[in-house]
Amino acid sequence: MTIKYEPPETYRGIEIQNFQTRDRIEGRVKPQIDLVMGLGNIAELFRYCSDVSKPPEARLLAAAMLEAIFGQAANDRRVRPEIDLELVKACSAGLEQESSWRSPTSYGCLCDQQIGDGPEPEMRPVELTKEQLESTYPVRSSR
Amino acid sequence: MQPRIGLIRGFSARDNRIPILFNRINAVAKRGRPKGSKNTPRLHLTSQVIDDADGKKPTAAERHRALKWQVAVYVHGGMDVVGIAAVMGMTIEKLRVLFAWELQHGWALVHAEELRRLDAQSAEGKTAATKLALATGGAERPAENPEADAAKARHDNVIELALKLMHGGKK
């Protein structure tokens, strides 16, 4: 039995990544996007962005929001909030759908690791892993 | 010694003692108005003639002031930023930059103007205006928290910017 993945869709302006089941999209990804959109605290956003157990769409949104907060302060000529943009970018690197660093076995980046007793990346079902591997790294025919 | 031009009173450039200059001046006088579209008097249609009291076109500042008042009226009417931007034909960002004050205090601006008019009429002796002014004397803006509104607007702006960043600068 193979799990059919849903075609990419957009939720509140954010593209939902492929190779996910409908249950996960509805039950996990969309509520998490709603949650991040409600966050306004810089520390909370950064914590969310660096949490490897969270869906990559929501983590990317948290990183973009941090960048936007910084940009807004710069535009308004206010004191910049204490955000290390490089660290934020490092936390959200490789999470994009098009990224070749996207992990085939978990929902996240290949570099995402469990640190100590911290949260661990959520694993992708084996069928989807196989499909994504074939899609991301197509087998080249030898001459 | 020859007199120097411009130093002695009564010296004329048409003086025939300077034949080259004299010929040039004559040539210009003969030619008349210079050619070209910018030198041709323009005719205006009746519809194009400005019928203002001053007979002048409004300046850029006057036009901008009128737009500011328009935005304040819309805010007073309870329209949201998206609706106002659509009516004014500009982007939300531009609206927020150009009319920030009106978006924030539009209600107060229009309300103050209304009270001023009411007061003027009341001073003229119109009883109805006086009664209305007395009735609305203690009226306050309905359920509003400016700080919460500003924070919400800032948060919406952050989300808008974040989505733009996620889409590579495009909406």
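A residue is buried if 20 or more other C-beta atoms lie within 10 Å of its own, exposed if 12 or fewer, and partly exposed in between, with C-beta atoms placed from the backbone. This is a predicted model: local features need pLDDT of at least 70, side-chain atom pairs count only at pLDDT 80 or more, and totals for chains, interfaces and linings use all residues. Residues are numbered from 1 along each chain as its sequence is written, while chains are lettered from A and ligands numbered from 1 in the order in which they are written.

**View 1. A:Arg12 in the loop between S1 and S2 of chain A.**
Strand S1 covers 10–11 and strand S2 covers 14–15. Helices (H or I, at least four residues) and strands (E, at least two) are DSSP runs, numbered from the N terminus. A:Arg12 counts as exposed because 11 C-beta neighbours fall inside 10 Å. Its phi is positive, about 55°, although A:Arg12 is not a glycine.

**View 2. Chain A as a whole.**
Chain A has five helices and two strands. From the N terminus on, its elements run β-β-α-α-α-α-α. Chain A holds 143 residues, and 31% of them count as buried. Two residues are in contact if their C-beta atoms, placed from the backbone, lie within 7 Å. Of the contacts in chain A with a separation of 6 or more, 45% link residues 24 or more positions apart.

**View 3. The crossing of H2 and H3 in chain A.**
Two packed helices are described by the angle between their axes and the distance between the axes. Helix H2 (residues 42–49) and helix H3 (residues 56–75) of chain A have axes that come within 8 Å and cross at roughly 145°. Axes are lines fitted to C-alpha atoms, for helices over the stretch in contact, and angles run from 0 to 180 degrees between N-to-C directions. The crossing of H2(A) past H3(A) is left-handed; that is, the near helix is turned anticlockwise from the far one by less than a right angle, with clockwise being right-handed. H2(A) contributes A:Ile42, A:Leu45, A:Phe46, A:Tyr48 and A:Cys49 to the contact. From H3(A) come A:Arg59, A:Ala62, A:Ala63, A:Met65, A:Leu66 and A:Ile69. By class, the contact has 10 nonpolar, no polar and one charged residues. Ala, Val, Leu, Ile, Met, Phe, Trp, Tyr, Cys and Pro count as nonpolar, Asp, Glu, Lys and Arg as charged, and the others, Gly among them, as polar.

**View 4. A:Arg77 and A:Pro81 in the loop between H3 and H4 of chain A.**
Helix H4 spans 85–91. A:Arg77 is exposed because 7 other C-beta atoms lie within 10 Å. Phi of A:Arg77 is positive, near 55°, in a residue other than glycine. A:Pro81 is exposed too, with 11 other C-beta atoms within 10 Å. Its contacts, leaving aside neighbours within four places in sequence, are A:Ile42, A:Ile69, A:Phe70 and A:Ala73. The C-alpha atoms of A:Pro81 and A:Phe70 are separated by 6.3 Å, with the two residues 11 apart along the chain.

**View 5. The largest nonpolar core.**
A nonpolar core is a set of buried Ala, Val, Leu, Ile, Met, Phe, Trp, Tyr and Cys residues joined through C-beta atoms within 7 Å. The largest one has 26 residues, and A:Leu61, A:Ala62 and A:Met65 have the most contacts inside it. Helix H1 (22–38), H2, H3 and H4 of chain A and H7 of chain B each supply at least two residues of this core. H3(A) gives the most, with 10 residues. A:Met65 is in contact with A:Leu45, B:Val158, B:Ile159 and B:Ala162, leaving aside neighbours within four places in sequence. Another core lies apart and has seven residues, including B:Val71, B:Ala72, B:Tyr74 and B:Leu95.

Nine residues of chain B and 13 residues of chain A make the contact. On the chain B side, seven are nonpolar, two polar and none charged. B:Leu161 is found in helix H7 (residues 146–166) of chain B. B:Leu161 counts as buried because 20 C-beta neighbours fall inside 10 Å. Leaving aside neighbours within four places in sequence, B:Leu161 is in contact with A:Ala68, A:Gly71 and A:Gln72.

**View 6. Chain B as a whole.**
Chain B has seven helices and zero strands. Its pattern along the sequence is α-α-α-α-α-α-α. Buried residues make up 8% of its 171 residues.
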